Amino acid sequence: MTAAEGYDVGAADPAQERLRRWRLVLGGDAADGTGCALSGRDAAMDAALAALYGKGDKPQSGRTARDRSAGLGASAPSVARWLGDIRTYFPSSVVQVMQRDAIDRLGLATLLLEPEMLEAVDADVHLVGTLLSLNKAMPETTKETARAVVRKVVEDLEKRLATRTRATLTGALDRSARVHRPRHHDIDWHRTIAANLKHYLPEYRTVVPERLIGYGRASQSVKKEVILCIDQSGSMAASVVYASVFGAVLASMRSISTRLVVFDTAVVDLTDQLDDPVDVLFGTQLGGGTDINRALAYCQSQITRPAETVVVLISDLYEGGIRDEMLKRVAAMKASGVQFVTLLALSDEGAPAYDREHAAALAALGAPAFACTPDLFPEVMAAAIEKRPLPIPDTT
């Protein structure tokens, strides 16, 4: 469909152009009814689409672009040629979708264990997730290439996200430190006026502030502690990638002490690797079960200043551990002053399938669960640091 919409045939007859588009959409089976033949670039685009999205019910021999039957073959060279074709005919955003579909539909994940294939693909967050899930099966000859692919994606994400995250959270840290003898530029006029309304002078139509309220300036000492607790089950792959990048950005800020914990049925603290998010990612093990209660127990044991701590749980909430204990831990942390944030996903795709009963129970404790995009995450963290309502996206 993208092929049909994305290319201009110049001065083609409108009726013929309409048939051409329908032909590209329908795929050329006998029942498509268009009677439109493709040639040149259109035929090549159709063949690339057919290899991925065709029915796969026709024999390999004698196949033409009209046969629309799936198959890239089992060899890396044929897949590499197909990858080159789709980059020629489609924009990069569509290429990444088609690569993802090829991995899912045609079982091409094992081919990603070959260095030549890794060098041919366009890397994105989802490809990184696939590579991480294959990490244990990856031969030594491929690991360095895989790390290079992952590093490129991570560096691109850091460039996109780091500056805004640091700026947003630095402002939040400043505002979270209220002082009563602020400098002029640091006065919070809204709070100052509200606190001094009883000193309003009608004859002068003004408020005489007896007490100033303002923002402190975040010093180089640690002001807040953040614990990122990340579910590394297979469905959370994109969230693990983004959370690792954000963890590295937060760890680079002197005023925030950052801890990164990943879990399935076991708990692993990767804080000492936060200076390199690629090391963090290769320290994860996507897949397996889930024990949120055990992970939160570990996080709870690391909290030394509850009132200055933000715990971010990133999970689809399918708990394999002790549900009631999990909820008791969340309630206890909140009662001690911890700001608790529950994210069903940290990705661009929105909320995955998740345990709605657990989400409702957490909401009842004052920790509503919601999906968060990477662009929204700095605002969520700023709100948690300032102890104000979280900017929960409207999903209605």
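This is a predicted model: local features need pLDDT of at least 70, side-chain atom pairs count only at pLDDT 80 or more; totals for chains, interfaces and linings use all residues.
Me: How many helices and strands does the secondary structure of the protein come to?
Reply: The protein has 396 residues, and buried residues make up 46% of them. Among contacts with a separation of 6 or more, 70% are between residues 24 or more positions apart. The secondary structure comes to 15 helices and 10 strands.

Me: Which element gives the largest share of the lining of the largest pocket?
Reply: The largest pocket has a volume of about 360 Å³, and 21 residues line it, with Gln96, Ala123, Asp124, Val125 and Val153 nearest its centre. Two or more lining residues come from each of α5 (92–106), α7 (125–133), α8 (140–176) and α10 (237–251). With seven residues, the largest share comes from α8.

Me: Which residues of α7 are buried?
Reply: The helix α7 (125–133) is one of the elements that give two or more residues to the lining of the largest pocket. Seven of the nine residues of α7 are buried, so the helix is mostly covered, where buried means under 20% relative accessible area. The buried residues in α7 are Val125, Leu127, Val128, Gly129, Thr130, Leu131 and Leu132.

Me: Which residues does Val312 touch, not counting residues up to four places away in sequence?
Reply: The largest nonpolar core has 77 residues, and Val312 is listed with Trp82, Phe90 and Phe377 as having the most contacts inside it. The largest share of this core, 10 residues, comes from α8. Leaving out residues up to four places away in sequence, Val312 touches Ile227, Leu228, Cys229, Val341, Leu343, Phe377 and Met381.

Me: How many residues are in the other core, which lies apart from the largest nonpolar core?
Reply: The largest nonpolar core has 77 residues. Apart from it lies another core, which includes Cys229, Ile292, Ile303 and Met333 and has 24 residues.

Me: How far from Cys229 is the nearest cysteine sulfur?
Reply: A search of the whole structure finds zero disulfides. The nearest cysteine sulfur belongs to Cys299, and its distance is 3.7 Å.

Me: Is Cys229 buried or exposed?
Reply: The cut-off for a buried residue is a relative accessible area under 20%. The relative accessible area of Cys229 is 0%, and Cys229 is therefore buried.

Me: Where is Leu317, and what is its relative accessible area?
Reply: Leu317 is not a glycine, yet its phi is positive, near 70°. The place of Leu317 is in the loop between β8 (309–314) and α13 (323–335). Leu317 is buried, and its relative accessible area is 0%.

Me: What is the relative accessibility of Lys387?
Reply: Lys387, although not a glycine, has a positive phi of about 60°. Lys387 is in the segment after α15 (377–386). Lys387 counts as partly exposed, with a relative accessibility of 43%.

Technical notes: Residues are numbered from 1 along each chain as its sequence is written. Side-chain values use heavy atoms; hydrogens and water are left out. Helices (H or I, at least four residues) and strands (E, at least two) are DSSP runs, numbered from the N terminus. Buried means under 20% relative accessible area, exposed over 50%, partly exposed in between (1.4 Å probe, protein chains only). On a 1 Å grid over the protein atoms alone, a cavity is a set of points where a 1.4 Å probe fits but cannot get out, and a pocket is an open set with protein on both sides within 12 Å along at least five of seven lines; lining residues have an atom within 4 Å of a point. Grid points are joined across faces, edges and corners, and a volume is the space filled by probe spheres set on the points. A nonpolar core is a set of buried Ala, Val, Leu, Ile, Met, Phe, Trp, Tyr and Cys residues joined through side-chain atoms within 4.5 Å. Contact means heavy atoms within 4.5 Å. A disulfide is a pair of cysteine sulfur atoms within 2.5 Å.
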